[in-house]
Amino acid sequence: MVVRLIYFYASLLVALSWSCSESPLRQARRAAEKTGNAEMVHVAKHYADQPERLEAATFLLENLSGHGTYTFDLVNSTESVADYSLYRPEITGSNYRTVLDSLGLTVRYRSESDAEAMTAEYLIRNIDQAFEARERYPWARHYSDTVFLRYVLPYRIDAEELTDWRAFFRARYEPMIDTLAEPRTVRRVARLIIRDIKKQFGFHPEALMLKPAFTPEEAFACGRGECNSVANIYVLALRAMGIAATKDVIPVWGTSDGGHVETVYFDEEGNPVMLDTGEWLAAQPPKIYRVEFARQSEPNVFDGLYYRDVTAEYVATSAPTVAFDSLADATTGEWAALAVFSNERWRPVVLGRETGLPQQYAFREIGRGILYLPVLTDGQSVRPAGRPFRLDPRGNLQYHEPDTDRLVTIDLTSLLLPKDLETLDAGRLYVAYWTPKGWQRVDAEVCRSVSAMDGKPVYTVAGVPDGGIYCLFDKHSGRTYHRRIFRNGQGTARRF
């Protein structure tokens with residue numbers, strides 16, 4: 001009886017041991033099978049006896065779907081792909097069409113899903129190269145497994161075409177780093193790489209922007225890109241040398257136009273370090289998202305599956321509950337959101353959550369010092385749904401509503417460009433104030449006078465409802481004059 005019990009428990013321990021050892025492999029196989037790509041099962045099998053790399057493979061396989069390449073081919077009149085690259089120093093965003101016309105070529109876009117197009121050979125090579133960097137470079141050995149998986153291992157950062165970018169950058173930077181004096185820390189190695197890339201590739205307003213990301217070869221061949229493409233190259237180069245890196249995205253500024261993409265890498269302790277010094281934060285971002293390879297659960301207005309909210313890592317934030325005039329219509333895919341004024345229109349930047357209270361929505365970690373407008377959005381359009389408010393530096397909501405019973409005169413001079421102060425035709429401009437129905441034009445004309453103190457031109461407008469938010473428009477074009485909205489600060493226009 002004792003012998004039988006011993007045999008039973010021994011068999012049970014063996015079975016449990018096999019179960020535990022097989023569990024990671026089964027998890028990897030399940031992830032591979034879910035991609036629908038038969039080759040991915042070979043990746044799981046390849047690492048069956050390598051626990052760390054099997055875990056890495058599982059992480060990539062579980063998040064493979066949703067990633068892919070978006071690019072284009074140049075085709076001739078017979079739809080044949082031409083052996084010609086637009087990524088040359090002399091070709092810009094403004095002249096590429098002329099170049100193509102002269103060659104009889106057109107752009108044909110194409111996209112590929114990683115789940116469908118990924119090969120086992122490519123994924124295995126990427127995993128092996130990532131681990132080789134971790135083992136080879138002393139500055140890369142300090143990262144936790146989590147940081148390594150999220151910011152060194154991934155084989156892509158955007159929708160770029162997949163190339164052997166790790167080998168490309170390793171061949172370039174290993175010889176340079178060999179000449180770097182000790183200590184070879186993450187920051188010192190990163191700065192060396194960053195300095196070199198800045199010499200080869202940088203931001204330019206005339207950059208060709210036909211696809212979201214360049215390959216390293218294309219970037220170094222043409223020498224210029226927009227901020228997202230530039231950030232991509234930094235990230236890939238840093239990852240190739242074992243340095244954890246990704247992009248932090250500011251989709252819309254709070255007090256300026258447009259947005260920004262910034263490279264961020266991580267030091268030995270896993271703390272984020274911005275590539276630049278951070279002066280760009282002065283434009284007060286309402287939201288900052290970190291690009292991840294793994295899908296995120298928090299919804300955002302940009303439908304970004306791989307954005308993680310890191311706003312609070314950079315700026316002071318608040319989580320206000322805001323009253324709306326009306327409810328979002330969930331049946332039409334409408335969301336309650338807060339918008340900021342950017343590029344002459346209201347752009348939604350953060351989605352709200354229902355609170356259980358009538359027409360009350362809660363917002364998580366939004367930047368302070370910014371003017372927000374409650375809106376309802378379906379992702380394409382917005383409609384105003386509440387009173388605009390400024391979230392002040394202490395997190396208080398300061399509402400801005402025009403008082404039509406109290407009319408004031410506002411000095412507009414500070415809004416004008418210095419080059420226009422002497423020659424501007426005041427009759428071309430008019431002031432409007434914001435109402436729930438949109439911009440309402442002020443009846444009074446903009447007037448020009450001369451300062452009694454220094455003889456310089458002064459531009460004012462009278463009969464403006466106090467306490468609101470305002471915009472200066474050009475009568476002829478209908479465009480905003482300075483692209484920003486402003487408020488009345490003791491009789492003087494002050495921009496938000």
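1. **Gln-284.** At 28% relative accessibility, Gln-284 counts as partly exposed. The class limits are these: buried is under 20% relative accessible area, exposed is over 50%, and partly exposed is in between (1.4 Å probe, protein chains only). Gln-284 has a positive phi of about 55°, although it is not a glycine. Its place is in the loop between strand E7 (272-274) and strand E8 (289-291). For context, most residues other than glycine have a negative phi, and most peptide bonds are trans.

2. **Basis of the model.** This is a predicted model, in which local features need pLDDT of at least 70, side-chain atom pairs count only at pLDDT 80 or more, and totals for chains, interfaces and linings use all residues. Residues are numbered from 1 along each chain as its sequence is written, and side-chain values use heavy atoms, with hydrogens and water left out.

3. **Overall figures.** The secondary structure of the chain comes to 11 helices and 28 strands. Helices (H or I, at least four residues) and strands (E, at least two) are DSSP runs, numbered from the N terminus. The C-alpha trace spans about 105 × 65 × 55 Å along its principal axes. Of the 496 residues in the chain, 49% are buried.

4. Arg-483 is not a glycine, yet it has a positive phi of about 70°. Arg-483 lies in strand E27. With a relative accessible area of 28%, Arg-483 is partly exposed. The peptide bond from Glu-182 to Pro-183 is cis, with omega near 0°. Pro-183 is found in the loop between helix H8 (165-178) and H9.

5. Strand E27 (residues 480-489) and strand E28 (residues 492-495) run antiparallel and are joined by four bridges. Two strands pair if DSSP finds at least two bridges between them. Asn-488 stands opposite Ala-493 in E28. The hairpin has two residues between its strands, and Gln-490 in the turn has a positive phi of about 55°.

6. **Strand E25 and its partners.** How many residues of strand E25 are buried? Seven of the 10 residues in E25 (residues 457-466) are, so the strand is largely enclosed by the rest of the structure. Strand E21 (residues 403-411) pairs with E25 in the antiparallel sense over five bridges. In that pairing, Val-408 stands opposite Val-464 in E25. Strand E24 (residues 446-450) also runs antiparallel to E25, joined by five bridges. Here Arg-448 stands opposite Tyr-459 in E25. The hairpin of E24 and E25 has six residues between the strands, and Gly-455 takes a positive phi near 75°.

7. The structure holds 36 salt bridges. The criterion is a side-chain nitrogen of Lys or Arg within 4 Å of a carboxyl oxygen of Asp or Glu. One of them joins Arg-108 and Glu-79, with the closest N and O atoms 3.0 Å apart. This pair links distant parts of the chain, 29 residues apart: Arg-108 is in strand E2 (residues 106-113), and Glu-79 is in the loop between strand E1 (68-75) and helix H4 (96-103). Arg-108 is partly exposed at 32% relative accessibility. Glu-79 is also partly exposed, with a relative accessible area of 45%.

8. Glu-174 forms a salt bridge with Arg-170, the closest N and O atoms being 3.2 Å apart. Both lie in helix H8, four residues apart, about one turn of the helix. Glu-174 is buried, with a relative accessible area of 18%. Arg-170 is partly exposed at 23%.

9. The side chains of Lys-211 and Glu-218 meet in a salt bridge (3.0 Å, N to O). Are these residues buried or exposed? Both Lys-211 and Glu-218 are buried.

10. **A positive patch.** Arg-187, Arg-188, Arg-191, Arg-195 and Lys-199 form a positive surface patch. Patch residues have over 30% relative accessible area and no salt bridge; like charges are joined within 9 Å, and nonpolar side chains (Val, Leu, Ile, Met, Phe, Trp, Tyr) within 5 Å. Lys-199 is found in helix H9 (residues 186-200). With a relative accessible area of 70%, Lys-199 is exposed.

Technical notes: Accessible areas come from the Shrake-Rupley method with a 1.4 Å probe; for residues, only the protein chains shown count as cover. Lys and Arg count as positive and Asp and Glu as negative; His and the chain ends are not counted. The place of a charge is taken as NZ of Lys, CZ of Arg, CG of Asp or CD of Glu.
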